[in-house]
Amino acid sequence: MTRVEITLPDETFAGLDRDSAQLAADLRAAAAAKWYEVGRVSQEVAAQIAGVSRSEFLNILSEFKVSPMQETHEEALAGSELLLQP
C-alpha cells in the first residue's frame, strides 16, 4: 500500500473542527468522489480510495451531491431510444 503525506497549516484543523484522522478520512472521501465524478475511477476503485464499502461510498456521493450514475447525455439518449423501439 502506498502512503501519501500532506502538510497542512495548523489553522486548517481549527477551521474544519476535525482531528488529523478525521481530516484524512474527509480528504480521501472528497478525492474519491471528485475522481469518480469526472470519470477517472470506477465506483469500486473510488470506494477503495475512500476506505469504505461500495454502499458506503454511495452515501459519500450523496453528501457531495454527486450522482451515482455517471452516464453522458449521449449515452442516456441512446438508452432511451432503445427503450422506445418496438
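Begin by selecting Gln43 in this predicted model and displaying what surrounds it: leaving aside its neighbours within four places in sequence, Gln43 is in contact with Tyr36, Arg54, Phe57, Leu58 and Pro68. With those side chains shown, turn to Arg54, whose side chain is joined to that of Gln43 by a polar contact of 3.1 Å. Gln43 itself belongs to helix H3, which covers residues 43–50. Gln43 counts as buried because its relative accessible area is 12%, under the 20% limit for that class.

Which residues does Ile60 touch, not counting residues up to four places away in sequence? They are Ala29, Ala33, Ala50 and Val52.

Side chains of opposite charge can pair when their charged atoms come close. A search of the whole structure finds two salt bridges, and each can be displayed in turn.

For one of them, select Asp26 and Arg18, whose closest N and O atoms are 2.5 Å apart. Asp26 is partly exposed, with a relative accessible area of 32%, and Arg18 is likewise partly exposed, with a value of 35%.

For the other, select Glu37 and Lys34, where the closest N and O atoms are 3.2 Å apart. Both residues lie in helix H2, and they are three residues apart, about one turn of the helix. Glu37 is partly exposed, with a relative accessible area of 35%, while Lys34, at 46% relative accessibility, also counts as partly exposed.

Finally, switch to a surface display and select Val4, Ile6, Leu8 and Leu27, which together make a nonpolar surface patch of about 370 Å². Pick out Ile6, which is found in the segment before helix H1 (10–16). Is Ile6 buried or exposed? Ile6 is exposed, because its relative accessible area is 54% and the exposed class begins over 50%.

How values were computed
Residues are numbered from 1 along each chain as its sequence is written. This is a predicted model: local features need pLDDT of at least 70, side-chain atom pairs count only at pLDDT 80 or more; totals for chains, interfaces and linings use all residues. Side-chain values use heavy atoms; hydrogens and water are left out. Patches are made of residues with over 30% relative accessible area and no salt bridge: like charges are joined within 9 Å, nonpolar side chains (Val, Leu, Ile, Met, Phe, Trp, Tyr) within 5 Å. Accessible areas come from the Shrake-Rupley method with a 1.4 Å probe; for residues, only the protein chains shown count as cover. A salt bridge is a side-chain nitrogen of Lys or Arg within 4 Å of a carboxyl oxygen of Asp or Glu. Helices (H or I, at least four residues) and strands (E, at least two) are DSSP runs, numbered from the N terminus. Buried means under 20% relative accessible area, exposed over 50%, partly exposed in between (1.4 Å probe, protein chains only). A polar contact is a pair of N or O atoms within 3.5 Å; within protein, one must be able to donate a hydrogen and the other to accept it, and residues adjacent in sequence count only if both atoms are side-chain atoms. Contact means heavy atoms within 4.5 Å.
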